[in-house]
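Colleague: Thanks for making time for this. Could you take me through the charged pairs and the surface of this model?

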Amino acid sequence: MKTKSQNKNWVHYYFKSTSGVVGAVLVLIMIIISICAAFGWTTHDPLAQNPMDALQPPSATYWFGTDQFGRDVFSRAMDGMRRSMTVSIVAVGIAGFIGVLLGVLGGFFGKWFDGFVVRLSDVIFAFPAILLALAIVNSLGNSWIDTSLAIAIVYTPIFIRVARGPVLTI
């Protein structure tokens with residue numbers, strides 16, 4: 001178990017690095033933009049079409065310009081970032097919860113249940129991740145919930161192995 005001084009050293013080391021600071025700032029900016037888009041604080045409606053403003057260059061009105069239908073590219077990028085963050089948070093949450101639960105239970109109970117959990121994760125690992133995710137999305141549908149579920153299924157075995165190892169050690 002890490003002590004407070006070890007955690008402080010890790011944070012100090014991370015923020016002493018230029019790449020660590022740049023990465024943290026970029027992630028923070030993306031989170032802020034996603035939150036702004038979630039509350040509808042975009043410069044324009046991301047779906048509104050204005051054919052008279054099609055293919056405009058960046059300006060004070062359209063920060064990133066417009067596309068061929070006259071939609072604001074900056075607003076669309078903000079909305080896309082919000083949707084991507086939503087899918088990733090839901091997918092990692094589901095994969096983490098189910099993976100840690102199965103890994104801990106498998107490591108704790110052992111015998112046939114542990115064998116089942118390990119074999120299940122091996123079967124999922126046997127398929128290429130992108131191919132398995134595409135097959136799941138194709139069979140379920142193409143909503144953001146189905147996409148999150150497909151990503152969660154593909155990455156659950158990683159959480160299973162990470163959680164199962166320490167339980168077996170203890």
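Modeller: Happy to! Keep in mind that this is a predicted model.

Colleague: Understood. How many salt bridges does the structure hold?

Modeller: A pair counts when a side-chain nitrogen of Lys or Arg lies within 4 Å of a carboxyl oxygen of Asp or Glu. By that criterion, the number of salt bridges in the structure is 7.

Colleague: Let's start with Asp67 and Arg71, which meet in a salt bridge. Is Asp67 buried or exposed?

Modeller: The N to O distance in the pair of Asp67 and Arg71 is 2.8 Å. Arg71 has a relative accessible area of 14%, so this residue is buried. Asp67 has 12% relative accessibility, and because the limit for that class is under 20%, Asp67 also counts as buried.

Colleague: Which residue is linked with Asp67 and Arg71 in a network of salt bridges?

Modeller: The Asp67 and Arg71 side chains meet each other in a salt bridge. The network that links them also takes in Arg76.

Colleague: Now Asp79, please. Which residue forms a salt bridge with Asp79, and in which helix do both lie?

Modeller: The partner is Arg82, with the closest N and O atoms 2.9 Å apart. Asp79 is buried at a relative accessible area of 13%, while Arg82 is partly exposed at 25%. The two are 3 residues apart, about one turn of the helix, and that helix is α3 (residues 73-109).

Colleague: How many residues apart in sequence are the parts that Arg161 and Asp122 tie together?

Modeller: The side chains of Arg161 and Asp122 meet in a salt bridge, 2.5 Å from N to O. Arg161 belongs to helix α6 (residues 144-169) and Asp122 to helix α4 (residues 111-126), so the parts tied together by the pair are apart in sequence by 39 residues.

Colleague: And how exposed are they: what is the relative accessible area of Arg161, and of Asp122?

Modeller: Both residues are partly exposed. The relative accessible area of Arg161 is 47%, and for Asp122 the value is 29%.

Colleague: Let's turn to the nonpolar patch on the surface. Which helix gives the most to the patch?

Modeller: The patch has about 800 Å² of accessible area together, and its residues include Trp10, Phe15, Val22 and Ile29. At least two of its residues come from each of α1 (4-16) and α2 (18-38). With 5 residues, the helix that gives the most is α2.

Note on methods: Residues are numbered from 1 along each chain as its sequence is written. This is a predicted model: local features need pLDDT of at least 70, side-chain atom pairs count only at pLDDT 80 or more; totals for chains, interfaces and linings use all residues. Side-chain values use heavy atoms; hydrogens and water are left out. Buried means under 20% relative accessible area, exposed over 50%, partly exposed in between (1.4 Å probe, protein chains only). Helices (H or I, at least four residues) and strands (E, at least two) are DSSP runs, numbered from the N terminus. Patches are made of residues with over 30% relative accessible area and no salt bridge: like charges are joined within 9 Å, nonpolar side chains (Val, Leu, Ile, Met, Phe, Trp, Tyr) within 5 Å. Accessible areas come from the Shrake-Rupley method with a 1.4 Å probe; for residues, only the protein chains shown count as cover.
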